[in-house]
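Trainee: I would like to learn how to read pockets and cavities in a model. Can we work through one together?

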Amino acid sequence: TYTMLKRLNSLFKEKKRFITFCVGNHIVFWLELLITFVLTEFVMLRSYSSYAISLMIGFVILFVFHQYYTFKVFDNRWMRMIDFIIVTLTFSMLNWGITYFLTTKLEIYYLISIILASGLTVILSYKTNKNYVFNQQLSLKQLVHKKNYSKSTNNIINFPKTTKKIAKSN
């Protein structure tokens, strides 16, 4: 029963984290929608340009939110920021591409297109951020760097025996 309780606790924490992730995304989503609307309707930018600008603003807000509230991971900030940029840009391009397709090819109203595209990408985005960007373990880049560093350190520290003999004889 202890392992069962432990598993239930883990599921509850995971569900709570996913809900926090969705709340953060939801807040930023509505902010992006508002910015897109204002830039399109009042500033008279094209809806695609307005949405691209709103995604960039949302990106910054979202990183801070997920770092401090969703995943509560504060180490390796620069590495996580780079990873977050890559993941967010990938999902933003996917989101923007779906929105563009729905608006231009299927002629769906741009605000509804944004809602549909965002709904499709939220689960994939959560999984990627949880398992890659904000993972408590070392990121792949750090593991590669650590592996290369330890190899070079071993090469420097472990001199061949012939080198030690030459050094002793002088």
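Mentor: Start with the lining of the second largest pocket, which by class has 3 nonpolar, 4 polar and 7 charged residues. Ala, Val, Leu, Ile, Met, Phe, Trp, Tyr, Cys and Pro count as nonpolar, Asp, Glu, Lys and Arg as charged, and the others, Gly among them, as polar. This is a predicted model: local features need pLDDT of at least 70, side-chain atom pairs count only at pLDDT 80 or more, and totals for chains, interfaces and linings use all residues. Residues are numbered from 1 along each chain as its sequence is written, and side-chain values use heavy atoms, with hydrogens and water left out.

Trainee: How are a pocket, a cavity and a volume defined?

Mentor: Both are found on a 1 Å grid over the protein atoms alone. A cavity is a set of points where a 1.4 Å probe fits but cannot get out. A pocket is an open set with protein on both sides within 12 Å along at least five of seven lines. Lining residues have an atom within 4 Å of a point. Grid points are joined across faces, edges and corners, and a volume is the space filled by probe spheres set on the points.
Here the second largest pocket has a volume of about 330 Å³. It is lined by 14 residues, and Lys13, Glu14, Lys16, Arg17 and Thr70 are the closest to its centre. Helix 1 and helix 2 each give two or more residues to that lining. Helix 1 has the largest share, 10 residues.

Trainee: What is the volume of the largest pocket, and which residues lie nearest its centre?

Mentor: The largest pocket holds about 490 Å³ of space. Of its 25 lining residues, Asn25, Phe29, Asn95, Ser118 and Thr121 lie nearest the centre. Helix 1 (2-41), helix 2, helix 3 and helix 4 each give two or more residues to this lining. By class, the lining has 12 nonpolar, 12 polar and 1 charged residues.

Trainee: How many cavities of 30 Å³ or more are there?

Mentor: The count is 1. The volume of the largest cavity is about 50 Å³. Its lining is Ser47, Tyr48, Tyr51, Trp96, Thr99, Tyr100, Thr103, Tyr110 and Ile114. By class, that is 6 nonpolar, 3 polar and no charged. Helix 3 supplies the largest share, 4 residues.

Trainee: How are helices assigned, and how many does the protein have?

Mentor: Helices (H or I, at least four residues) and strands (E, at least two) are DSSP runs, numbered from the N terminus. This protein has 6 helices and 0 strands.

Trainee: Take Leu102. Is it buried or exposed?

Mentor: Buried means under 20% relative accessible area, exposed over 50%, partly exposed in between (1.4 Å probe, protein chains only). Leu102 is found in helix 3. Leu102 counts as buried because its relative accessible area is 11%. Contact means heavy atoms within 4.5 Å. Beyond its neighbours within four places in sequence, Leu102 is in contact with Glu107, Ile108, Ser113, Leu116 and Ala117. Its C-alpha atom is separated by 8.7 Å from that of Ile114, 12 residues apart along the chain.

Trainee: Where does pLDDT stay under 50?

Mentor: pLDDT is the predictor's confidence in each residue, from 0 to 100. It stays under 50 over residues 146-170, for which the model has 2 contacts beyond four places in sequence. The protein averages 79, and 78% of the residues score at least 70.
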